[in-house]
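Please look at the sequence and structure first.

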Amino acid sequence: MEFPYIILILTILVAILIILISKITSRALNSKRTVEIFLISFLVISVGFGSIWAFIGHFFLSAQVAANIGWAPGSPFQSEVAFANLSIGVLGVLCYWIRDNFWTATVIFSSIFLLGDAYGHIINMIQYSNYAPGNAGSVLYMDIIGPVILIVLLIAYKSMGKNTA
């Protein structure tokens with residue numbers, strides 16, 4: 001199974017586990033808290049750890065990652081992408097401790113980056129017939145699905161009142 005799918009499944013499983021633990025320990029669990037649990041799981045695990053993993057790949061395994069994307073190795077773009085991923089990853093992890101509008105900023109930043117990546121992958125497919133797994137596979141799908149999930153969860157969370165049942 002490809003890493004983007006693993007991180008998605010792990011994120012969902014962690015959120016479900018936290019919800020189950022909350023129910024077992026009789027902690028208050030309303031709709032807003034449930035959405036909050038899913039949102040923080042996506043921010044910390046998918047955005048945070050997922051982006052740090054992407055940094056590691058683009059920085060330390062740049063030749064392999066470039067080959068998987070269908071690009072020539074050795075381009076300085078890899079370091080730039082690596083540090084952009086590291087920045088997003090740090091923001092995602094910090095969402096565990098810093099809340100409110102920090103979450104909004106992290107969702108906006110990561111969504112613009114990922115949707116921009118998706119655009120680049122699609123253009124690469126159209127202009128250069130690049131259907132390499134790292135360009136046209138799970139990475140492309142998650143570059144679109146991830147931001148959609150984050151934006152929907154954030155809007156749902158922000159639109160719920162303080163004591164939504």
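**Helix packing and pockets**

α2 passes α5 in a left-handed crossing, a term for a near helix turned anticlockwise from the far one by less than a right angle, clockwise being right-handed. The model is a predicted one, in which local features need pLDDT of at least 70 and side-chain atom pairs count only at pLDDT 80 or more, while totals for chains, interfaces and linings use all residues. Residues are numbered from 1 along each chain as its sequence is written, and side-chain values use heavy atoms, with hydrogens and water left out.

The axes of α2 and α5 are 12 Å apart, and the helices pack at an angle of about 50 degrees. That makes α2 oblique to α5. Here axes are lines fitted to C-alpha atoms, for helices over the stretch in contact, and angles run from 0 to 180 degrees between N-to-C directions. Angles under 35 degrees count as roughly parallel, over 145 as roughly antiparallel, 65 to 115 as roughly perpendicular, and the rest as oblique.

α5 also packs with α7, at about 155 degrees and with the axes 8 Å apart. α5 and α7 are therefore roughly antiparallel to each other, and their crossing is left-handed. The contact of α5 with α7 has 15 nonpolar, 5 polar and 3 charged residues. In this classification Ala, Val, Leu, Ile, Met, Phe, Trp, Tyr, Cys and Pro are nonpolar, Asp, Glu, Lys and Arg are charged, and the others, Gly among them, are polar. With α4, the axis of α5 comes within 10 Å, and the two cross at roughly 155 degrees. α4 and α5 are therefore roughly antiparallel, and α4 passes α5 in a left-handed crossing.

The chain as a whole has 7 helices and 0 strands. Helices (H or I, at least four residues) and strands (E, at least two) are DSSP runs, numbered from the N terminus. The C-alpha atoms fill a box of roughly 55 × 25 × 25 Å along the principal axes. For 165 residues a compact globule would have a radius of gyration near 15 Å, and the chain's 17 Å agrees with this; the radius is taken over C-alpha atoms, and the globule rule is 2.2 Å times the number of residues to the power 0.38.

The largest pocket holds about 1,100 Å³ of space. On a 1 Å grid over the protein atoms alone, a pocket is an open set of points where a 1.4 Å probe fits, with protein on both sides within 12 Å along at least five of seven lines, and lining residues have an atom within 4 Å of a point. Grid points are joined across faces, edges and corners, and a volume is the space filled by probe spheres set on the points. Of the 41 residues lining the largest pocket, P4, A54, H58, V139 and D143 lie nearest its centre. α1 (3-24), α2 (31-60), α3 (62-69), α4 (77-94), α5 (101-128), α6 (133-136) and α7 (138-159) each supply at least two lining residues, and α2 gives the most, with 10. By class, this lining has 22 nonpolar, 16 polar and 3 charged residues.

The second largest pocket has a volume of about 260 Å³. Its lining consists of 13 residues, with I18, R33, I40, S41 and Y96 closest to the centre. The elements giving two or more residues to this lining are α1 and α2, and α2 gives the most, with 6. The lining of the second largest pocket divides into 8 nonpolar, 2 polar and 3 charged residues.
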